[in-house]
Amino acid sequence: MPDLDAELETLREDLLDSVRAPELAAVIDRSRQRTTRRRTQIGAVAAVLLVGAAIPVLRTALRPLPDPAAPGTTFSVSPTTPTGPAWAPATGTPFVYNIRWYDHQHGFALRGSCDSGAASTTCTSELLVTEDGERWHPRRLPDSSGTTVTGANWELAVLGQNHLVVQAPTLRYFSEDAGEHWRKVPVEPGQTVAAIPPGALLESRCSVVTSFCRDLGELLVLLPDSGRTATLATSPPLTHLAPGQIPAGDGGWWVSGTDPATGRLMLAVSRDAGRSWTISPVPAFTGTPFSGLTVVGTPQAVYATAAGQLAGVKNGLLVILRSIDGGKTWERTWQAADGAEPRSIAGVPLAATDGRLLVSTETGALYASVDGGKTFAVDRSIGRLGSVEWHSGGYFGNVPGSSNYYWYSPDGVQWARFIVG
Amino acid sequence: MADQEWFARLYRSYYRQLVLAAYALTSDLGEAEEIAQEAFAIAYTRRARVASAEHPEAWLRTVAVNLARRRWRRRSMLDRILLRTEPPPPAEPAGDHLDLHRAIQALGDEHRAVVVLHHLADLPVDEVASILDIPVGTVKSRLARARAALGAALGHTMIAEVDHA
């Protein structure tokens, strides 16, 4: 008598055999085109908003950051003539797709432009550099033809005031003069370091042979003086390592991971540049994080959040944990409950130096807590923040609905907005 | 940046399984491939986050399921607008088990989804429940009824229990 399970198994094998995966390059190209479509749509929406009522709303919602040189000035930008040899400006509708800051005056951005031909879309990218937070200078990205074959898919990593790396899937270039000159460097780690030098970025790499991040992970250090990658000699003995790229506001290097013996989620912190790690368990919570815990903080309090799958929301906020003893012990101050806001989190939480905790949500609403994350209320005093990012100079984000308007806050108390490109 | 190499490994090893998972909701293998490619394209834009996820495959499946549901809603709306009642027949895979494949296609949407996810995409019952957002018990009962229906359609006597993994 034929066995249904055996037939199902054979059908499964037949179906798997009938599926042919396209080349990875085609998926990457699709990803790039998807990004281009979204940027174009955002740009089109921004064009409508900028001539509508949104501008007065933005101007009253964000308070300008006091500037010792010009008090009360809000940053405004217009790109100037690029430096260097003959350079072809980008065509098509330009869009900024990567911004990284060293501090609120020194930053870098990637600006792309795509031309859709009959057969395919061709994209070019250029680097934008600012040294005063106001004027942005276009610079060529490293490529012999002046364009990039990988289109708008460069990634940017800032390693210092003038040190940066740009990387496409298998290429990496390093500059130590803010993009005036570049040199090609290897992508693979070539050495081991005992400590994380100032300005370096921390990443994880799974020591994978057959599966994904199920063995002990490695921490990799992107070195600021060379743009090369080194392996950190001492990693926390955890799996599924998810490090913060830079130190949090309390000065600690934070890494979340899983205890291989118990499967329990843990947080590790190093206060000696990665030479040693203190590992603490965190309170259990409901839900599975997409990628570990994100840590932000001030010298007074540190917060860890996890985003994960919640019904009906994008980037559901699963939990908020707080520590007031440098990470030795953690309190679960907030956990996802039916209908309780904030239900989602866009980017990272914002730990203000005045003691508030701000959570920007995927719906656009901003929530603030004055009791360490136990309760939240809608905050309309600042305006919409969109996805919040933590850079070495503070918190940054793209003003929702605009492709080129950004905001910056060093401490969650002072705010400024600016235009890029 | 190291996550780009990781992404390539994930893609090579998991693409086909993701197609089968999407197939549970599309009933069309070509459309399932389209959804799987879109899910990987989305994952590529977020590869740093996906790389450090505890279950990258689950992340991809969630994206694929959401894409499939969105397409189904659009198609249903168009069907109503255009007064379409008969969907075009889905393409059939090559192989010797065409009767079984047709029997699976003939199941109702709910029962086909659990069969494809559990038996063809090889997912445990609790993951099937998570994907479809239904209780584990409901998955098991639908699997049992679906298997009985398949067995009857193929003239089998049921001898295997539902996998309780």
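Colleague: What does the side chain of His391(A) make a polar contact with?

Modeller: With the side chain of Glu389(A), at 2.7 Å. This is a predicted model, where local features need pLDDT of at least 70, side-chain atom pairs count only at pLDDT 80 or more, and totals for chains, interfaces and linings use all residues. Residues are numbered from 1 along each chain as its sequence is written, chains are lettered from A and ligands numbered from 1 in the order in which they are written, and side-chain values use heavy atoms, with hydrogens and water left out.

Colleague: What counts as a polar contact?

Modeller: A pair of N or O atoms within 3.5 Å. Within protein, one must be able to donate a hydrogen and the other to accept it. Residues adjacent in sequence count only if both atoms are side-chain atoms.

Colleague: Which backbone nitrogen lies 3.1 Å from a polar atom of the His391(A) side chain?

Modeller: That of Trp101(A). Trp101(A) is also among the contacts of His391(A) beyond four places in sequence, along with Ile99(A), Arg100(A), Ile246(A) and Phe396(A). Contact here means heavy atoms within 4.5 Å.

Colleague: Where does His391(A) lie? And is His391(A) buried or exposed?

Modeller: His391(A) lies in strand E25, residues 388-391 of chain A. Helices (H or I, at least four residues) and strands (E, at least two) are DSSP runs, numbered from the N terminus. His391(A) counts as buried because its relative accessibility is 5%. Buried means under 20% relative accessible area, exposed over 50%, partly exposed in between (1.4 Å probe, protein chains only).

Colleague: Switching to Thr298(A). Where does Thr298(A) lie?

Modeller: In the loop between strand E17 (294-297) and strand E18 (302-310) of chain A. Thr298(A) is buried, with a relative accessible area of 8%. Leaving out residues up to four places away in sequence, Thr298(A) touches Gly249(A), Asp250(A), Ala351(A), Ala352(A) and Thr353(A).

Colleague: Now chain B. How many helices and strands does chain B have?

Modeller: 8 helices and 0 strands. Buried residues make up 51% of the 165 residues in chain B.

Colleague: What about His101(B): buried or exposed?

Modeller: Buried, at 1% relative accessibility. His101(B) sits in helix H5 of chain B. A polar contact of 2.2 Å joins the side chains of His101(B) and Tyr23(B).

Colleague: On to the interface. How many residues does the contact take from each chain?

Modeller: 62 from chain B and 58 from chain A. The two chains bury about 5200 Å² between them, 60% of it on carbon and sulfur atoms. Buried area is the accessible area (1.4 Å probe) that two parts lose on being put together, summed over both.

Colleague: How many salt bridges are there between chain B and chain A?

Modeller: The count is 5. A salt bridge is a side-chain nitrogen of Lys or Arg within 4 Å of a carboxyl oxygen of Asp or Glu. One of them joins the side chains of Asp5(A) and Arg147(B), at 2.8 Å from N to O.

Colleague: Which helix gives the most to the side of chain B that touches chain A?

Modeller: H1(B), with 15 residues.

Colleague: What does Arg12(A) form a salt bridge with?

Modeller: Asp122(B), with the closest N and O atoms 3.8 Å apart. The pair crosses between chains, from helix H1 (residues 4-18) of chain A to the loop between H6 and helix H7 (125-132) of chain B. Arg12(A) is buried, with a relative accessible area of 9%, whereas Asp122(B) is partly exposed at 48%.

Colleague: And which partner does Arg30(A) have, at 2.7 Å?

Modeller: Glu38(B). Arg30(A) lies in helix H2 (residues 24-50) of chain A and Glu38(B) in helix H2 of chain B, so the pair joins two chains. Both residues, Arg30(A) and Glu38(B), are buried.

Colleague: Last topic, confidence. What is the mean pLDDT of chain A?

Modeller: 79, and 77% of its residues reach 70 or more. pLDDT is the predictor's confidence in each residue, from 0 to 100.

Colleague: Where does pLDDT stay under 50 in chain A?

Modeller: Over residues 144-151 and over residues 207-215. Where pLDDT is low, the predicted coordinates should not be read in detail.
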